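Subject: A structure for you to look at

Hi there,

Here is the structure I promised to pass on to you.

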Amino acid sequence: ERKGTRSPSRSPSGRRRESDRERGEHEDEASLPHGQALCHAVAAETHLWMGLLEASKGAAFAIVQAGVHLRKAFKGFEMLRKAGYGLVMGDDDLKVSCESEAERSVESSALFGSGALRFFASLVPPKFWWFVESLGMAPDRDEGLRELRQCLVLGRFRAPWAGLLLVWVWSQFVDRKV
């Protein structure tokens, strides 16, 4: 390196700067490798189930831990959606968009997890949505139900869970006047 010139990876003070790639910024989420997507799907599902288990304890500290786990789960599923897994299409446009078993598992997981979290977040009374939104979740009942239906119709790995959840939703929230 010639005297008087700076390396592009150095700050004006001469200290090394982290590149955008090292900080994890500006990564192209659409090019998420399938193996990495599968790892993110497993981690997001783990946080989803851990959050539900913590919430079932009912203690104040457990509720805080549940919120942390559910936030991590939602962020993981959102990252998968941005990468193109589990995007909701129109009812007449359901297509098999994934080729490998790993891709189908990731898509199924993204649809189920994102749909379930959106639906459950919508059950919180609207005056407390500020809390749900501060956790980074979006309370959108219709979008959540659309994702769960798509997961069920596509018949992939999480379809049985989506079906059970939709049956529960129908039994609890649909007015059944005969």
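Ser105 is in contact (heavy atoms within 4.5 Å) with Leu38, Phe157 and Arg158, leaving aside its neighbours within four places in sequence. Ser105 is found in helix H4 and is buried, with a relative accessible area of 15%. Here buried means under 20% relative accessible area, exposed over 50%, and partly exposed in between, using a 1.4 Å probe and the protein chains only.

Before going further, please note that this is a predicted model, in which local features need pLDDT of at least 70 and side-chain atom pairs count only at pLDDT 80 or more, while totals for chains, interfaces and linings use all residues. Residues are numbered from 1 along each chain as its sequence is written, and side-chain values use heavy atoms, with hydrogens and water left out.

Now the overall picture. The protein chain has 7 helices and 0 strands; these are DSSP runs numbered from the N terminus, with helices being H or I of at least four residues and strands being E of at least two. Of the 178 residues in the protein chain, 37% are buried.

Among the buried residues of H2 are Ala41, Leu48 and Glu54, and their cover includes helix H3 (60-82) and helix H4 (101-122).

Beyond its neighbours within four places in sequence, Leu117 is in contact with Leu48, Leu70, Ala73, Phe74, Phe77 and Met137.

Next, the charged pairs. The whole structure holds 9 salt bridges, each a side-chain nitrogen of Lys or Arg within 4 Å of a carboxyl oxygen of Asp or Glu. One of them joins Glu147 and Arg81, with the closest N and O atoms 1.8 Å apart. Glu147 lies in helix H6 and Arg81 in helix H3, so this pair ties together parts that are 66 residues apart in sequence. Both Glu147 and Arg81 are buried.

Lys57 and Glu54 form a salt bridge at 3.5 Å between the closest N and O atoms, and both lie in H2, 3 residues apart, about one turn of the helix. Lys57 is exposed at 58% relative accessibility, whereas Glu54 is buried at 10%. In H6, Arg146 and Glu143 are likewise 3 residues apart, and their side chains meet at 2.8 Å, N to O. An α-helix has 3.6 residues a turn, so residues three or four places apart point the same way. Finally, Glu78, Arg81, Arg118, Glu143, Arg146 and Glu147 are linked in a network of salt bridges.

Enjoy exploring!

Best wishes
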